[in-house]
Amino acid sequence: MKFTLGQKDPHTKARVGTIITDHGVIQTPIFMPVGTAGTVKAVHQRELKEDIQAQIILGNTYHLYLRPGLEVLEKAGGLHQFNGWDRPVLTDSGGYQVFSLSGTRKIKEDGVMFKSHIDGSKHHFTPENVMDIQRTIGADIIMAFDECTPYPCEYGYARNSMGMTHRWLGRCIDRFDATEGKYGYSQTLFPIVQGSVYKDLRKQSAEYIASREQQGNAIGGLSVGEPAEMMYEMTELVTDILPSDKPRYLMGVGTPANILECIALGVDMFDCVMPTRNARNGMLFTSEGIINIRNEKWKDDFTPIDPAIGNYASTFYSKAYLRHLTVSKEILAAQIASIHNLSFYLWLVGQAREHILAGDFAVWKDQMVKKVSARL
């Protein structure tokens with residue numbers, strides 16, 4: 001992987017960049033649609049490429065390990081071959097999923113014992129085998145195995161957890177460096193900064209992660225229930241420490257406003273289930289604000305969902321038609337809304353990039369944060 005840092009905004013810490021992987025080029029800042037189990041829910045790969053114009057998508061180690069399983073993925077030639085996506089893929093290490101199974105897992109220095117949410121079978125994740133699993137899945141960017149602390153979180157727990165995440169990172173790097181990819185293309189490991197919402201811990205973690213000199217770095221443990229201002233404070237503290245010549249990935253964030261504010265703090269990469277999850281519940285993100293398509297006011301609104309976005313789903317279908325599909329519980333409603341919301345997110349980060357290049361990002365960002373947060 002190669003990252004080239006481009007122009008910086010004169011009034012914020014926003015910047016543009018280019019990530020080159022063996023599966024293609026990623027222009028930053030970028031949003032990555034979440035394809036947890038090898039699929040971005042309700043969206044075809046052709047639509048991801050041609051309509052949404054996604055440049056990279058996510059898979060999840062925990063879910064893919066359980067289903068379809070490593071044997072199937074290896075026989076297929078990796079996730080790219082299995083699901084037909086020929087652009088870059090990033091895999092989350094499964095740490096967040098495992099730790100969210102609070103009642104059915106045990107965390108020890110060696111790793112984590114957990115029960116499958118599918119059939120209750122027992123499994124063991126260690127930093128080493130999570131590297132091996134991600135090698136087999138075949139992602140271009142793989143994440144270190146970490147512990148994602150909850151919010152709120154006691155200081156002592158956050159400190160101890162961070163220490164273990166750092167020790168696990170050392171083991172991840174050793175295993176990653178001692179192994180090769182299976183499918184003939186290169187893979188890259190990103191460490192993850194932790195430390196909950198404590199400034200001294202975040203600073204310590206960011207300094208340690210930076211010292212390991214990997215090709216990119218991630219910020220984890222945010223957007224887990226803490227106030228937005230606290231998330232921004234922690235993000236800014238960390239981005240000021242992480243090296244500027246490497247991509248910075250803020251995991252699991254977030255709303256359109258969150259993304260714009262964190263681009264302004266120097267973040268390059270984002271992912272979140274919000275656009276697809278909210279789409280399935282009838283919430284649309286648009287260039288003018290947030291729409292609850294179930295509301296009566298859209299019943300006879302025959303204007304396009306959002307002509308500014310420009311993609312097929314957003315310009316062809318009317319709000320009235322999508323409302324009808326949604327209240328009728330038609331499957332097509334989830335498809336149209338998911339394609340639209342993801343297209344909006346990709347449009348938004350694309351617009352951010354253009355305004356950084358134009359030098360007027362700060363003014364545009366402040367206007368857009370108000371717009372995209374408004375309820376229509």
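A: The account below concerns the two annotated positions and their contacts. This is a predicted model, in which local features need pLDDT of at least 70 and side-chain atom pairs count only at pLDDT 80 or more, whereas totals for chains, interfaces and linings use all residues. Residues are numbered from 1 along each chain as its sequence is written, and side-chain values use heavy atoms, with hydrogens and water left out.

UniProt, in an unreviewed entry, places the feature "active site" at Asp 92 and Asp 271; such annotations may be inferred rather than shown by experiment. Although spread over 180 residues of sequence, these positions cluster in space, with a largest C-alpha distance of 10.4 Å.

Asp 92 is found in strand S6, strands being DSSP runs of E of at least two residues, numbered from the N terminus. At 12% relative accessibility, Asp 92 counts as buried (under 20% relative accessible area, 1.4 Å probe, protein chains only). Leaving aside neighbours within four places in sequence, Asp 92 is in contact (heavy atoms within 4.5 Å) with residues including Gly 59, Asn 60, Gln 134 and Met 251.

Asp 271 lies in strand S15, residues 269-271, and is likewise buried, with a relative accessible area of 8%. Not counting residues up to four places away in sequence, Asp 271 touches, among others, Phe 31, Leu 58, Tyr 249 and Met 251. The side chain of Asp 271 also reaches the backbone nitrogen of Gly 252 at 2.8 Å.

Conventions: Helices (H or I, at least four residues) and strands (E, at least two) are DSSP runs, numbered from the N terminus. Buried means under 20% relative accessible area, exposed over 50%, partly exposed in between (1.4 Å probe, protein chains only). A polar contact is a pair of N or O atoms within 3.5 Å; within protein, one must be able to donate a hydrogen and the other to accept it, and residues adjacent in sequence count only if both atoms are side-chain atoms.
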